[in-house]
Amino acid sequence: MINENIIFRKVLPSEFKVNEYELTARVGVCYSCMEERLLENVTDLMERISPKYTAVKLPIEYLSEGSLAIGGIEIRSRDLIKNLSGATGAYLMAVTLGAEVDRYLMRLGMLSGAERFVVDGYASALVESLCDLAEGEIFGDEPHCKRFSPGYGDLSIDIQGKLLSAVSAENLLGITLTDKKMMVPTKSVTAIVGCK
Amino acid sequence: MRSIRELLLEKRIILDGGTGTLLQRAGLPVGTPPEAWNITNPEKIEELHLSYFKCGSDVVATNTFGVNANKYENYGEYIAAAVSAAKSARDRYYREGGVGEKFIAYDLGPSGRMLAPLGDLDFEEAVELFAKNVREAVKCGVDLIFIETMNDSYETKAAVLAAKENSELPIFVSNVYDESAKLMTGASPEAMVALLEGLGVDALGANCSLGPDKLLPVVERLCKAASVPVIVKPNAGLPKILNGESAFDVSATEFADYMKKIAECGASVLGGCCGTTPEYISETVKAISDIPFAPATEKNICAVSSYTHALTIGDAPVLVGERINPTGKPKLKAALRENNLAYIIGEAVSEEEAGADALDVNVGLPEIDEPEMMVRVVKELQAVTSLPLQIDSGDPVALEGAMRIYNGKPLVNSVNGKEESLRAVLPLVKKYGGVLIALTMDEAGIPADSDGRIKIAKKILAEAEKYGIGKKNIIFDPLAMAVSSDERAALVTLDTVRELHKMGCYTSLGVSNVSFGLPAREKITSTYFALALSAGLDMAIMNPHSRPMMDTYHAFCALTGKDAGFRRYIPYAEANSEAELKAVRKQSAEESSAGGLRHAIVKGIKTNIRALTESELVSKSPLDVINKEIVPALNEVGADFEAGRAYLPGLLMSAEAASAAFETLKEKMPKGDSDNSRRIILATVRGDIHDIGKNIVKVLLESYGFAVTDLGRDVPPEKILAAAKDEGIRLVGLSALMTTTVPAMEETVKLLHRELPDCRVMVGGAVLTQEYAEMMGADFYAKDAMEAVKIAKATFEK
């Protein structure tokens with residue numbers, strides 16, 4: 001079932017570029033220093049991404065010490081509260097590069113751990129870029145808080161299921177959770193972005 | 001009341017429309033799942049169904065989309081309540097004077113989890129999960145099962161099997177296609193048609209995800225490929241996109257207009273999904289009332305499929321790679337015995353790159369558990385290659401195991417004319433679907449002449465017919481016998497191919513057999529291949545690495561109009577020209593002279609490693625190659641890395657090049673060099689699925705000559721202990737990336753130390769520190785991959 005107030009956008013691969021900083025942090029080398037064979041893998045990767053995002057704006061209610069409710073979803077996290085600095089509303093957002101990326105990484109992994117490591121890092125950096133793009137489109141020039149995801153600080157990944165549900169992520173993006181609360185497709189991110 | 005199967009032949013079936021929109025308007029709070037109202041507000045659910053019956057729906061789907069045993073312990077109650085509400089609606093409809101045959105479909109939606117290998121839900125677990133729903137639904141008394149909104153072909157198969165194994169009811173299946181006309185996990189419409197028709201569903205199609213306008217291209221492809229009725233149940237457009245358009249942007253009349261086009265394509269089971277209401281359905285009924293109905297026609301397509309695409313047999317000849325077969329292949333035999341699946345995957349990928357259209361998979365070795373190995377290998381292969389697979393075994397148990405878990409519609413090799421074979425194999429194809437290779441031999445052996453083989457073929461056709469398996473799902477193999485033992489052998493087979501082709505049957509051959517016993521086999525095989533193709537051969541099981549065979553194949557296609565614009569021949573010819581081959585040879589020679597092996601390892605170039613290693617071995621012993629070339633190269637790269645002059649990707653690629661060199665050396669090393677003396681177990685502990693770090697360590701350790709058993713991710717302590725005991729391991733490496741899995745690591749360390757006091761444990765991973773490592777009693781803390789190598793060296797050099 002799709003939440004009627006949802007924002008949904010399918011993004012073309014040509015609309016965003018990898019975040020160089022994130023790439024270097026993960027892979028230990030910048031794009032221009034990557035070996036040729038790795039650049040070929042990156043081209044293959046780019047042919048397999050299916051970037052999409054959904055988002056919905058929800059009101060925030062601050063409850064007792066250290067907990068809050070976003071659109072009725074109760075969350076215990078002092079670090080998130082600090083991040084939001086009193087915001088009364090926030091966008092919940094989910095982005096993904098799609099399932100074919102996972103297939104490609106699996107295949108690479110069988111053939112070359114080295115290549116898989118690099119392409120995996122590249123894909124993770126790409127997802128961050130997609131988040132940047134989504135934020136830019138949602139907020140435009142309006143100020144907003146830094147995005148905050150389950151797993152940051154004391155924000156447990158236990159709320160992942162509820163977040164995904166609120167943005168119809170299963171239906172529109174095909175994101176599900178494993179037993180251990182990891183998202184599939186793996187190159188997916190959920191985030192809370194407070195409005196200022 | 002009649003079965004809906006009869007109705008499908010007579011008229012269009014109108015399904016219902018969206019549920020969510022209506023329930024939200026009736027007061028369903030945001031965040032409450034629709035099925036909650038089955039229990040608390042069943043009268044509202046009844047209203048919903050009644051309004052659809054009244055506006056023209058022949059079928060309503062029960063309000064059970066999100067219900068399963070994982071989400072609700074009392075799932076049975078939800079199902080019973082849902083069916084009861086639907087039945088009440090139907091009763092009321094008739095009481096209030098309604099006419100027509102009205103059906104209730106059990107709505108079976110996705111499980112909410114992704115199946116392995118992409119996710120963690122095991123295939124059989126998925127089947128059982130769906131089976132629970134089906135059993136309840138059957139108990140409550142529904143008229144058909146409607147599997148819908150599935151965006152993964154594998155999960156779809158699990159649901160269909162659950163339905164088939166737990167009920168006799170008709171099965172409708174509908175998938176979610178995106179704008180590139182594929183399922184989320186990659187399947188094309190043709191692939192889904194192959195899979196679902198193979199499984200024997202009664203109708204198939206597309207729902208949700210897109211509006212009727214965007215879904216039209218998918219519908220056209222479905223109608224072209226499907227021999228069963230096609231279902232189309234689109235959304236009322238797309239939910240709001242950023243520029244402020246309102247949600248679900250297609251109105252009821254616009255919707256109906258598009259549905260008209262869809263009906264004209266030939267789709268005959270129509271409805272609406274998210275955002276649609278009874279108005280959309282009644283407008284649709286009006287709009288299509290003038291369009292004449294025609295039942296679905298038989299398309300006579302012979303197709304197999306993988307998780308991405310369908311492969312049609314009967315147009316251009318199909319090449320099936322034969323290399324994954326232990327007969328006559330000592331390396332493959334060894335790989336099977338040692339459980340070295342990586343080798344098998346490598347063979348598969350290399351056959352794919354050489355141009356195979358499908359891959360034969362045969363793991364028959366007397367000393368292994370064939371059914372178990374076959375299932376494992378098929379699972380691994382279908383995770384990595386998108387080529388359809390040919391499941392090749394003489395053991396029906398192995399065939400069944402693999403056919404069941406195969407993600408698509410497989411080639412099945414094989415059945416023959418013997419009673420025993422027909423009785424064992426035909427039911428498997430009936431149940432799981434597949435294109436069956438049928439050998440023209442029986443209890444009396446292989447007939448010496450063409451007439452004898454044709455007789456057997458006809459017998460197999462007749463038997464298959466009894467199971468509903470038609471000519472379009474059978475490929476006859478009239479058996480290419482060695483011409484060296486019988487001069488007429490080649491001609492007899494060709495005659496049989498010609499005859500079968502005239503009968504409208506498909507044919508296949510394992511061509512290489514023909515040259516057995518003669519010198520320069522490829523000359524004979526490739527010419528025979530050309531003759532067989534000329535006689536009408538549809539498929540060949542062959543070695544795609546054989547240049548003469550590929551030359552023949554490409555030339556044949558170019559000569560017979562099967563290669564439009566020579567779009568395959570020309571690139572093939574250019575890549576394989578004499579000039580190109582000379583250039584490759586020259587480059588090899590240059591690399592050899594430019595400091596050869598050591599240089600290649602330092603540069604991380606894996607491509608020519610075998611040749612370079614072999615040329616070193618001309619003047620050095622294997623041990624010298626290791627100590628004088630490989631290890632110094634690695635040390636050089638390692639030192640550069642630690643000094644910040646080289647980076648991680650380069651380090652890894654060098655390590656892989658070194659490992660490849662080791663593989664080559666292993667073959668030449670004196671026997672008695674037991675791997676296990678320097679074997680290390682690596683695992684990511686229970687609860688953690690991050691493995692990048694572990695994989696890096698594995699690559700580096702192997703490059704330094706250690707043998708590594710990688711137990712994978714999310715591994716429970718007992719499994720690690722068992723493996724360590726089994727192989728007499730002295731060093732175990734544990735990896736974890738999340739703070740939440742550190743306790744599992746501690747548990748593993750303690751278990752190992754208690755049960756195997758001589759085994760040392762090293763731990764690593766982004767979340768670990770020296771402190772954590774000490775706290776949990778680990779013997780070593782590896783802050784990075786190089787450190788792990790140092791620890792291993794220190795441990796084994798004692």
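In what sense do strand E21 and strand E22 of chain B pair, and over how many bridges? This is a predicted model, so please hear everything that follows with that in mind. The two strands, residues 731-735 for E21 and residues 760-764 for E22, pair in the parallel sense, and the pairing runs over five bridges. If you want one pair to look at, take B:Leu734, whose bridge partner in E22(B) is B:Val763.

Those two strands belong to an open sheet of five strands in chain B. Reading across, the order is E20-E19-E21-E22-E23, with parallel pairing. At the edges are strand E20, residues 707-710, and strand E23, residues 780-781, each of which pairs on one side only.

Now the helices on that sheet. Helix H28 of chain B, residues 717-727, lies across E19, E20 and E21, and runs at about 170° to E19(B). Helix H29 of chain B, residues 742-755, packs on the sheet as well, touching E21 and E22. The direction of H29 makes about 170° with that of E22(B).

Chain B also has an open sheet of eight strands. Here the order is E1-E8-E7-E6-E5-E4-E3-E2, again with parallel pairing. Its edge strands are E1, residues 13-14, and E2, residues 59-61, each pairing on one side only. Inside the order, E4 (residues 144-150) and E5 (residues 171-175) pair in the parallel sense over four bridges. B:Ile147 has B:Val173 as its bridge partner in E5(B).

Which strands does helix H5 of chain B touch? H5, residues 75-95, packs on this sheet against E2 and E3, and its direction makes about 155° with that of E3(B). Helix H6 of chain B, residues 123-140, lies across E3 and E4, at about 160° to E3(B).

Next, the contact between the chains. How many residues does each chain give? Chain B gives 59 residues and chain A gives 45. Between them they bury about 4600 Å², with 65% of that area on carbon and sulfur atoms.

On chain B, the elements giving two or more residues to the side that touches chain A are helices H2 (20-25), H13 (341-353), H14 (370-384), H26 (648-668) and H27 (692-703). The largest share of that side comes from H26(B), with six residues. By residue type, the side of chain B that touches chain A divides into 29 nonpolar, 17 polar and 13 charged.

Last, two backbone points in chain A. A:Lys181 sits in the loop between strand E6 (176-177) and strand E7 (183-184) of chain A. Phi of A:Lys181 is near 65°, which is a positive value in a residue other than glycine.

And where is A:Pro185 found? That proline is in the loop between E7 and strand E8 (188-194) of chain A. The peptide bond joining A:Val184 and A:Pro185 is cis, with omega about 0°.

That is the end of my part.

Terms used. Residues numbered from 1 in each chain as written. Chains lettered and ligands numbered in written order. Predicted model: local features only at pLDDT ≥ 70, side-chain atom pairs only at ≥ 80, totals over all residues. Heavy atoms only, no water. Contact = heavy atoms within 4.5 Å. Buried area = accessible area lost by both parts, 1.4 Å probe. Nonpolar A, V, L, I, M, F, W, Y, C, P; charged D, E, K, R; others polar. Pairing = 2+ DSSP bridges. Axes fitted to C-alpha atoms, helices over the stretch in contact; angles between N-to-C directions.
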